Amino acid sequence: MSKLAILGGTPILERHPEYMNWPRGDEATREALLRTLRSGVWGTLGKENERFANKYAAYCQTKHCLPVLNGTVSLELIFRALGIGWGDEVIVSPYTFSASVHSIVLAGAAPVFADTDPETFTLSPASVEERVTPRTRAILGVHLGGRPFDVDAISAIAEKHGLILIEDAAHAHGSEWRSHCCGSLGRAGSFSFQASKNLSCGEGGAITTNDTALYQRLWSMHHNGRDFEGQGYDHPLLGTDARLAEWQCAVLAAQMERLDGDIERRMRSAELLDRELAKLPFISVCRKDERITRNSLHLYPFRYHAERLGGLPREIFLKALNAEHVCRADSGYSEPIYRMKMLYTEDYSRMTGRTFADPAGDLPGNELLASSQGCWLQHTSLLGSDEDTLRVVEAFARVGEQAEELRRAFGQEG
Ligand SMILES: Cc1ncc(COP(=O)(O)O)c(C=O)c1O
(Lines give C-alpha, C1' and ligand atoms only; values in the text may rest on other atoms or scores of the structure.)
Protein backbone atom coordinates (compact mmCIF):
# COMPACT_ATOMS: atom_id res chain seq x y z
CA MET A 1 0.00 0.00 0.00
CA SER A 2 1.44 3.42 -0.97
CA LYS A 3 2.21 5.66 1.94
CA LEU A 4 -0.03 8.73 2.26
CA ALA A 5 1.43 11.98 0.94
CA ILE A 6 0.81 13.68 4.26
CA LEU A 7 2.94 11.00 5.92
CA GLY A 8 5.82 11.54 3.51
CA GLY A 9 4.68 9.29 0.64
CA THR A 10 4.10 10.23 -2.98
CA PRO A 11 0.67 11.80 -3.67
CA ILE A 12 -1.60 10.04 -6.13
CA LEU A 13 -1.08 13.02 -8.47
CA GLU A 14 1.90 15.34 -8.33
CA ARG A 15 -0.41 18.37 -8.50
CA HIS A 16 -4.14 19.02 -8.78
CA PRO A 17 -5.35 18.34 -12.33
CA GLU A 18 -5.98 21.17 -14.74
CA TYR A 19 -9.77 20.57 -14.85
CA MET A 20 -9.98 21.67 -11.22
CA ASN A 21 -8.92 25.24 -12.01
CA TRP A 22 -11.86 27.58 -11.47
CA PRO A 23 -13.30 29.88 -12.75
CA ARG A 24 -12.54 28.95 -16.32
CA GLY A 25 -11.98 31.46 -19.10
CA ASP A 26 -12.49 30.42 -22.71
CA GLU A 27 -12.58 31.89 -26.19
CA ALA A 28 -16.34 32.62 -26.03
CA THR A 29 -15.87 34.58 -22.79
CA ARG A 30 -12.98 36.56 -24.28
CA GLU A 31 -15.13 37.37 -27.31
CA ALA A 32 -17.97 38.50 -25.06
CA LEU A 33 -15.69 40.85 -23.12
CA LEU A 34 -14.22 42.32 -26.31
CA ARG A 35 -17.71 42.81 -27.71
CA THR A 36 -18.63 44.76 -24.58
CA LEU A 37 -15.43 46.78 -24.73
CA ARG A 38 -16.12 47.83 -28.28
CA SER A 39 -19.84 48.48 -27.72
CA GLY A 40 -19.14 51.53 -25.59
CA VAL A 41 -21.93 50.42 -23.22
CA TRP A 42 -20.18 49.28 -20.08
CA GLY A 43 -22.61 50.24 -17.34
CA THR A 44 -25.85 48.37 -17.17
CA LEU A 45 -29.27 47.71 -18.63
CA GLY A 46 -27.83 47.39 -22.11
CA LYS A 47 -28.03 44.60 -24.66
CA GLU A 48 -25.79 42.20 -22.72
CA ASN A 49 -27.99 42.54 -19.66
CA GLU A 50 -31.12 41.91 -21.72
CA ARG A 51 -29.57 38.96 -23.53
CA PHE A 52 -28.44 37.27 -20.34
CA ALA A 53 -31.67 38.01 -18.42
CA ASN A 54 -33.76 36.44 -21.20
CA LYS A 55 -31.46 33.48 -21.58
CA TYR A 56 -31.29 32.75 -17.86
CA ALA A 57 -35.05 33.18 -17.35
CA ALA A 58 -35.66 30.64 -20.13
CA TYR A 59 -33.08 28.31 -18.61
CA CYS A 60 -34.76 28.51 -15.19
CA GLN A 61 -38.25 28.14 -16.71
CA THR A 62 -39.35 31.48 -15.24
CA LYS A 63 -41.02 34.49 -16.79
CA HIS A 64 -38.44 36.91 -15.43
CA CYS A 65 -34.81 37.16 -14.42
CA LEU A 66 -33.29 40.26 -12.88
CA PRO A 67 -29.47 40.34 -12.90
CA VAL A 68 -28.11 42.01 -9.75
CA LEU A 69 -24.75 42.61 -8.07
CA ASN A 70 -24.50 39.37 -6.10
CA GLY A 71 -26.41 36.60 -4.35
CA THR A 72 -26.61 38.52 -1.07
CA VAL A 73 -28.21 41.70 -2.34
CA SER A 74 -30.61 39.55 -4.37
CA LEU A 75 -32.00 38.04 -1.15
CA GLU A 76 -32.20 41.44 0.57
CA LEU A 77 -34.14 42.83 -2.37
CA ILE A 78 -36.54 39.88 -2.36
CA PHE A 79 -37.39 40.36 1.32
CA ARG A 80 -37.78 44.12 0.95
CA ALA A 81 -39.85 43.84 -2.21
CA LEU A 82 -42.18 41.37 -0.51
CA GLY A 83 -42.60 43.75 2.42
CA ILE A 84 -41.02 41.31 4.86
CA GLY A 85 -39.35 43.17 7.70
CA TRP A 86 -39.72 44.46 11.24
CA GLY A 87 -41.79 42.13 13.43
CA ASP A 88 -41.73 39.28 10.92
CA GLU A 89 -40.06 35.90 11.22
CA VAL A 90 -38.46 33.93 8.40
CA ILE A 91 -37.74 30.23 8.83
CA VAL A 92 -34.34 29.43 7.35
CA SER A 93 -31.88 26.59 7.06
CA PRO A 94 -28.92 26.89 9.43
CA TYR A 95 -26.68 24.87 7.11
CA THR A 96 -25.90 27.81 4.83
CA PHE A 97 -23.66 30.74 4.13
CA SER A 98 -24.12 33.88 6.23
CA ALA A 99 -25.85 35.76 3.38
CA SER A 100 -29.06 33.73 3.78
CA VAL A 101 -29.32 35.06 7.34
CA HIS A 102 -27.82 38.54 6.88
CA SER A 103 -30.41 39.31 4.24
CA ILE A 104 -33.29 38.50 6.60
CA VAL A 105 -31.84 40.66 9.38
CA LEU A 106 -30.95 43.56 7.08
CA ALA A 107 -34.58 43.59 5.99
CA GLY A 108 -35.48 43.91 9.71
CA ALA A 109 -36.98 40.43 10.15
CA ALA A 110 -35.86 37.72 12.55
CA PRO A 111 -34.32 34.46 11.32
CA VAL A 112 -35.77 31.32 12.91
CA PHE A 113 -33.68 28.23 12.35
CA ALA A 114 -35.25 24.89 11.48
CA ASP A 115 -33.14 21.76 11.65
CA THR A 116 -31.06 20.16 8.91
CA ASP A 117 -31.67 16.58 7.83
CA PRO A 118 -28.18 15.05 8.09
CA GLU A 119 -28.96 12.60 5.29
CA THR A 120 -29.62 15.40 2.79
CA PHE A 121 -27.91 18.49 4.29
CA THR A 122 -31.15 20.42 3.59
CA LEU A 123 -34.14 21.60 5.67
CA SER A 124 -36.01 19.01 7.69
CA PRO A 125 -39.72 19.55 6.82
CA ALA A 126 -40.94 18.35 10.23
CA SER A 127 -38.71 20.88 11.95
CA VAL A 128 -39.91 23.68 9.66
CA GLU A 129 -43.52 23.00 10.62
CA GLU A 130 -42.62 23.10 14.33
CA ARG A 131 -41.15 26.61 13.93
CA VAL A 132 -44.24 28.25 12.42
CA THR A 133 -45.71 31.00 14.62
CA PRO A 134 -48.28 33.75 13.96
CA ARG A 135 -45.31 36.01 13.04
CA THR A 136 -43.88 33.72 10.36
CA ARG A 137 -44.09 35.29 6.92
CA ALA A 138 -41.76 33.22 4.80
CA ILE A 139 -39.56 30.15 4.47
CA LEU A 140 -36.12 30.57 2.94
CA GLY A 141 -34.99 27.13 1.79
CA VAL A 142 -31.42 26.56 0.62
CA HIS A 143 -30.71 24.10 -2.19
CA LEU A 144 -27.50 23.06 -0.51
CA GLY A 145 -24.71 22.31 -2.93
CA GLY A 146 -27.34 22.23 -5.68
CA ARG A 147 -29.46 19.52 -4.07
CA PRO A 148 -33.06 20.79 -3.95
CA PHE A 149 -34.63 20.74 -0.49
CA ASP A 150 -37.81 18.66 -0.18
CA VAL A 151 -39.89 21.04 -2.29
CA ASP A 152 -43.09 18.95 -2.04
CA ALA A 153 -43.09 18.93 1.74
CA ILE A 154 -41.85 22.50 2.29
CA SER A 155 -44.30 23.94 -0.30
CA ALA A 156 -47.15 22.08 1.41
CA ILE A 157 -46.20 23.63 4.76
CA ALA A 158 -45.96 27.07 3.17
CA GLU A 159 -49.36 26.65 1.57
CA LYS A 160 -50.98 25.31 4.73
CA HIS A 161 -49.82 28.30 6.80
CA GLY A 162 -50.06 30.98 4.11
CA LEU A 163 -46.29 31.54 3.97
CA ILE A 164 -44.13 32.73 1.09
CA LEU A 165 -41.56 30.23 -0.15
CA ILE A 166 -38.25 31.74 -1.28
CA GLU A 167 -35.40 29.72 -2.77
CA ASP A 168 -31.77 30.43 -2.01
CA ALA A 169 -30.51 28.83 -5.20
CA ALA A 170 -26.99 30.30 -4.92
CA HIS A 171 -25.58 26.80 -5.55
CA ALA A 172 -28.31 25.40 -7.77
CA HIS A 173 -27.85 26.64 -11.34
CA GLY A 174 -29.66 24.06 -13.46
CA SER A 175 -30.82 21.81 -10.61
CA GLU A 176 -34.33 20.39 -10.94
CA TRP A 177 -37.05 19.04 -8.70
CA ARG A 178 -39.44 16.79 -10.64
CA SER A 179 -38.06 18.36 -13.86
CA HIS A 180 -38.86 21.89 -12.64
CA CYS A 181 -35.87 24.17 -12.38
CA CYS A 182 -34.65 25.59 -9.09
CA GLY A 183 -35.50 29.27 -9.08
CA SER A 184 -38.99 28.50 -10.41
CA LEU A 185 -40.24 26.52 -7.42
CA GLY A 186 -41.18 29.31 -5.00
CA ARG A 187 -42.26 32.94 -5.23
CA ALA A 188 -38.71 34.02 -6.08
CA GLY A 189 -35.30 32.41 -6.49
CA SER A 190 -31.92 33.92 -5.70
CA PHE A 191 -28.71 32.96 -7.52
CA SER A 192 -25.05 33.79 -6.98
CA PHE A 193 -22.43 34.02 -9.74
CA GLN A 194 -19.51 34.64 -7.38
CA ALA A 195 -16.12 33.25 -8.40
CA SER A 196 -16.49 29.75 -6.94
CA LYS A 197 -19.99 29.14 -8.34
CA ASN A 198 -20.77 26.72 -11.18
CA LEU A 199 -21.89 29.69 -13.29
CA SER A 200 -19.62 32.60 -12.55
CA CYS A 201 -18.65 36.10 -13.64
CA GLY A 202 -16.46 36.84 -10.61
CA GLU A 203 -19.20 38.64 -8.67
CA GLY A 204 -22.85 38.68 -9.68
CA GLY A 205 -26.33 37.47 -8.85
CA ALA A 206 -29.85 37.14 -10.20
CA ILE A 207 -33.44 36.91 -9.06
CA THR A 208 -35.91 34.71 -10.91
CA THR A 209 -39.67 34.84 -10.56
CA ASN A 210 -42.94 34.14 -12.35
CA ASP A 211 -44.64 37.02 -10.53
CA THR A 212 -44.67 40.00 -12.90
CA ALA A 213 -45.73 42.55 -10.27
CA LEU A 214 -42.93 41.39 -7.97
CA TYR A 215 -40.43 41.52 -10.84
CA GLN A 216 -41.40 45.10 -11.66
CA ARG A 217 -41.04 46.12 -8.03
CA LEU A 218 -37.66 44.38 -7.80
CA TRP A 219 -36.55 46.07 -11.00
CA SER A 220 -37.44 49.46 -9.55
CA MET A 221 -35.77 48.75 -6.25
CA HIS A 222 -32.53 47.58 -7.85
CA HIS A 223 -32.48 50.79 -9.93
CA ASN A 224 -32.58 53.29 -7.03
CA GLY A 225 -36.36 53.07 -6.75
CA ARG A 226 -37.13 54.51 -10.19
CA ASP A 227 -40.42 53.69 -11.86
CA PHE A 228 -40.40 50.37 -13.73
CA GLU A 229 -38.24 50.88 -16.82
CA GLY A 230 -37.74 54.52 -15.85
CA GLN A 231 -34.30 56.13 -16.27
CA GLY A 232 -34.60 59.68 -14.92
CA TYR A 233 -34.64 61.32 -11.51
CA ASP A 234 -38.07 60.26 -10.39
CA HIS A 235 -37.90 57.82 -7.44
CA PRO A 236 -41.32 56.63 -6.28
CA LEU A 237 -39.85 53.68 -4.33
CA LEU A 238 -37.08 53.28 -1.80
CA GLY A 239 -34.35 51.34 -3.52
CA THR A 240 -30.66 50.87 -4.01
CA ASP A 241 -28.21 50.51 -6.87
CA ALA A 242 -27.85 46.78 -7.43
CA ARG A 243 -27.48 46.84 -11.21
CA LEU A 244 -25.14 44.33 -12.79
CA ALA A 245 -22.75 45.76 -15.36
CA GLU A 246 -22.63 44.73 -19.00
CA TRP A 247 -19.26 42.99 -18.54
CA GLN A 248 -20.63 40.44 -16.13
CA CYS A 249 -23.81 39.83 -18.13
CA ALA A 250 -21.73 39.21 -21.26
CA VAL A 251 -19.49 36.76 -19.40
CA LEU A 252 -22.47 34.93 -17.90
CA ALA A 253 -24.21 34.41 -21.24
CA ALA A 254 -20.97 32.98 -22.66
CA GLN A 255 -20.32 30.75 -19.64
CA MET A 256 -23.86 29.36 -19.78
CA GLU A 257 -22.90 27.41 -22.89
CA ARG A 258 -20.86 25.05 -20.72
CA LEU A 259 -23.30 24.69 -17.87
CA ASP A 260 -25.27 21.64 -19.03
CA GLY A 261 -22.21 19.68 -20.12
CA ASP A 262 -20.59 20.33 -16.73
CA ILE A 263 -23.75 19.23 -14.90
CA GLU A 264 -23.87 15.97 -16.84
CA ARG A 265 -20.21 15.33 -16.04
CA ARG A 266 -20.67 16.05 -12.33
CA MET A 267 -23.80 13.90 -12.08
CA ARG A 268 -21.97 10.98 -13.63
CA SER A 269 -19.05 11.43 -11.22
CA ALA A 270 -21.47 11.72 -8.28
CA GLU A 271 -23.11 8.46 -9.23
CA LEU A 272 -19.75 6.76 -9.25
CA LEU A 273 -18.79 8.35 -5.94
CA ASP A 274 -22.14 7.38 -4.37
CA ARG A 275 -21.62 3.78 -5.40
CA GLU A 276 -17.97 3.47 -4.42
CA LEU A 277 -17.81 5.63 -1.29
CA ALA A 278 -20.83 3.81 0.15
CA LYS A 279 -18.56 0.75 0.38
CA LEU A 280 -16.30 2.54 2.87
CA PRO A 281 -17.60 2.07 6.42
CA PHE A 282 -16.41 5.50 7.58
CA ILE A 283 -18.35 7.42 4.89
CA SER A 284 -22.10 7.94 4.41
CA VAL A 285 -23.29 9.37 1.12
CA CYS A 286 -26.47 11.44 0.84
CA ARG A 287 -29.87 9.77 0.61
CA LYS A 288 -31.08 9.19 -2.94
CA ASP A 289 -34.26 11.00 -3.99
CA GLU A 290 -35.81 10.19 -7.35
CA ARG A 291 -37.68 13.51 -7.30
CA ILE A 292 -34.35 15.29 -7.84
CA THR A 293 -34.14 15.03 -11.61
CA ARG A 294 -30.99 17.16 -11.93
CA ASN A 295 -28.39 18.28 -9.46
CA SER A 296 -25.84 20.98 -10.26
CA LEU A 297 -23.57 19.48 -7.59
CA HIS A 298 -21.90 22.72 -6.67
CA LEU A 299 -20.89 20.64 -3.67
CA TYR A 300 -20.81 16.91 -3.14
CA PRO A 301 -21.76 16.53 0.55
CA PHE A 302 -20.92 13.39 2.51
CA ARG A 303 -20.65 12.40 6.15
CA TYR A 304 -17.49 11.24 7.87
CA HIS A 305 -17.67 8.91 10.88
CA ALA A 306 -14.51 9.47 12.92
CA GLU A 307 -15.46 6.76 15.42
CA ARG A 308 -15.17 4.17 12.64
CA LEU A 309 -11.53 5.16 12.10
CA GLY A 310 -10.54 4.96 15.74
CA GLY A 311 -11.46 8.61 16.36
CA LEU A 312 -9.32 10.15 13.61
CA PRO A 313 -10.48 13.80 13.67
CA ARG A 314 -12.34 15.10 10.63
CA GLU A 315 -9.82 17.86 9.96
CA ILE A 316 -6.90 15.43 9.83
CA PHE A 317 -8.87 13.06 7.60
CA LEU A 318 -9.59 15.91 5.17
CA LYS A 319 -6.02 17.22 5.26
CA ALA A 320 -4.71 13.78 4.35
CA LEU A 321 -7.29 13.43 1.57
CA ASN A 322 -6.44 16.83 0.07
CA ALA A 323 -2.72 16.09 0.14
CA GLU A 324 -3.29 13.38 -2.50
CA HIS A 325 -4.10 16.19 -5.00
CA VAL A 326 -7.09 14.45 -6.59
CA CYS A 327 -9.91 16.49 -5.01
CA ARG A 328 -10.63 19.44 -2.74
CA ALA A 329 -12.59 18.57 0.38
CA ASP A 330 -13.50 20.51 3.48
CA SER A 331 -15.68 20.41 6.55
CA GLY A 332 -18.34 22.73 5.16
CA TYR A 333 -20.33 24.97 7.48
CA SER A 334 -18.61 23.62 10.55
CA GLU A 335 -19.15 26.84 12.53
CA PRO A 336 -22.96 26.96 12.89
CA ILE A 337 -24.36 30.26 11.79
CA TYR A 338 -26.54 30.58 14.91
CA ARG A 339 -23.39 30.78 17.04
CA MET A 340 -21.81 33.53 15.00
CA LYS A 341 -21.23 36.84 16.77
CA MET A 342 -23.30 38.81 14.26
CA LEU A 343 -26.57 37.54 15.78
CA TYR A 344 -25.59 38.61 19.30
CA THR A 345 -24.74 42.22 18.51
CA GLU A 346 -26.49 45.47 19.37
CA ASP A 347 -27.00 45.96 15.65
CA TYR A 348 -29.06 42.78 15.53
CA SER A 349 -31.30 43.99 18.35
CA ARG A 350 -31.65 47.45 16.85
CA MET A 351 -32.55 46.08 13.42
CA THR A 352 -34.98 43.39 14.53
CA GLY A 353 -36.18 44.67 17.92
CA ARG A 354 -35.23 41.33 19.45
CA THR A 355 -32.38 39.53 21.11
CA PHE A 356 -31.20 36.25 19.70
CA ALA A 357 -31.18 33.02 21.74
CA ASP A 358 -28.91 30.14 20.69
CA PRO A 359 -31.25 27.46 19.21
CA ALA A 360 -28.60 24.69 19.11
CA GLY A 361 -30.57 22.47 21.51
CA ASP A 362 -33.40 22.24 18.96
CA LEU A 363 -31.10 21.51 16.03
CA PRO A 364 -29.51 18.09 16.62
CA GLY A 365 -29.18 17.29 12.91
CA ASN A 366 -27.35 20.50 12.16
CA GLU A 367 -25.16 20.15 15.24
CA LEU A 368 -24.10 16.69 14.11
CA LEU A 369 -23.06 17.94 10.67
CA ALA A 370 -21.36 21.05 11.98
CA SER A 371 -19.50 19.52 14.89
CA SER A 372 -18.33 16.21 13.48
CA GLN A 373 -19.82 14.58 10.39
CA GLY A 374 -20.43 17.17 7.66
CA CYS A 375 -17.97 17.33 4.76
CA TRP A 376 -18.11 18.18 1.09
CA LEU A 377 -16.08 17.99 -2.08
CA GLN A 378 -15.95 21.15 -4.17
CA HIS A 379 -17.60 20.80 -7.55
CA THR A 380 -14.38 20.92 -9.55
CA SER A 381 -13.42 17.59 -7.95
CA LEU A 382 -16.24 16.04 -10.03
CA LEU A 383 -15.25 17.46 -13.41
CA GLY A 384 -12.78 14.75 -14.43
CA SER A 385 -13.27 11.47 -16.25
CA ASP A 386 -14.45 8.24 -14.59
CA GLU A 387 -10.80 7.34 -14.20
CA ASP A 388 -10.16 10.65 -12.38
CA THR A 389 -13.15 10.05 -10.11
CA LEU A 390 -11.92 6.57 -9.26
CA ARG A 391 -8.66 8.23 -8.15
CA VAL A 392 -10.73 10.28 -5.69
CA VAL A 393 -12.21 7.04 -4.33
CA GLU A 394 -8.71 5.59 -4.10
CA ALA A 395 -7.61 8.58 -2.03
CA PHE A 396 -10.53 8.10 0.41
CA ALA A 397 -9.69 4.39 0.74
CA ARG A 398 -5.98 5.07 1.27
CA VAL A 399 -6.67 7.51 4.07
CA GLY A 400 -9.01 4.99 5.69
CA GLU A 401 -6.39 2.25 5.49
CA GLN A 402 -3.73 4.40 7.11
CA ALA A 403 -5.90 5.95 9.78
CA GLU A 404 -3.87 4.38 12.55
CA GLU A 405 -0.57 5.76 11.22
CA LEU A 406 -2.27 9.15 10.86
CA ARG A 407 -3.51 9.08 14.43
CA ARG A 408 -0.02 8.25 15.63
CA ALA A 409 1.63 10.91 13.50
CA PHE A 410 -0.79 13.58 14.72
CA GLY A 411 -0.69 12.49 18.36
CA GLN A 412 -4.36 11.49 18.37
CA GLU A 413 -4.07 8.11 20.05
CA GLY A 414 -6.11 6.96 22.96
C1 LIG B 1 -26.11 29.55 0.11
C2 LIG B 1 -25.60 30.91 -0.30
N3 LIG B 1 -26.45 31.94 -0.34
C4 LIG B 1 -26.05 33.17 -0.71
C5 LIG B 1 -24.74 33.41 -1.06
C6 LIG B 1 -24.32 34.81 -1.38
O7 LIG B 1 -23.87 34.96 -2.68
P8 LIG B 1 -22.81 36.09 -3.06
O9 LIG B 1 -21.46 35.62 -2.63
O10 LIG B 1 -22.93 36.20 -4.55
O11 LIG B 1 -23.21 37.34 -2.37
C12 LIG B 1 -23.82 32.37 -1.06
C13 LIG B 1 -22.42 32.60 -1.46
O14 LIG B 1 -21.55 31.78 -1.36
C15 LIG B 1 -24.25 31.08 -0.65
O16 LIG B 1 -23.40 30.05 -0.60
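**Figure 1. Strand E2 and where its side chains go.** Here we zoom in on E2, the strand covering residues 89-92, in what is a predicted model. Glu 89 and Ile 91 head off one way, while Val 90 and Val 92 point the other way. Whichever way they point, all of these residues are buried, meaning each has under 20% relative accessible area.

**Figure 2. E2 alongside its partner E3.** Strand E3 takes in residues 110-113 and runs parallel to E2. The two are joined by 4 bridges.

Figure 3. Of the contacts with a separation of 6 or more, 71% link residues 24 or more positions apart. Buried residues account for 57% of the 414 in the protein.

**Figure 4. Overall build.** The C-alpha atoms fill a box of roughly 70 × 55 × 40 Å along the principal axes. How does the radius of gyration fit with a compact globule? The protein comes in at 22 Å, which agrees with the value near 22 Å that a compact globule of 414 residues would have.

**Figure 5. Surface and charge.** About 17100 Å² of the protein is accessible surface, and carbon and sulfur atoms own 50% of that. As for charge, there are 45 positive and 55 negative side chains. The centres of these two sets lie 1 Å apart.

Notes: Residues numbered from 1 in each chain as written. Predicted model: local features only at pLDDT ≥ 70, side-chain atom pairs only at ≥ 80, totals over all residues. Heavy atoms only, no water. Rg over C-alpha atoms; globule rule 2.2 N^0.38 Å. Buried < 20%, exposed > 50% of the residue type's maximum accessible area, 1.4 Å probe, protein only. Contact = heavy atoms within 4.5 Å. Areas by Shrake-Rupley, 256 points an atom, 1.4 Å probe, with all protein chains shown as cover. Lys, Arg positive; Asp, Glu negative; His and termini not counted. Charge placed at Lys NZ, Arg CZ, Asp CG, Glu CD. Pairing = 2+ DSSP bridges.
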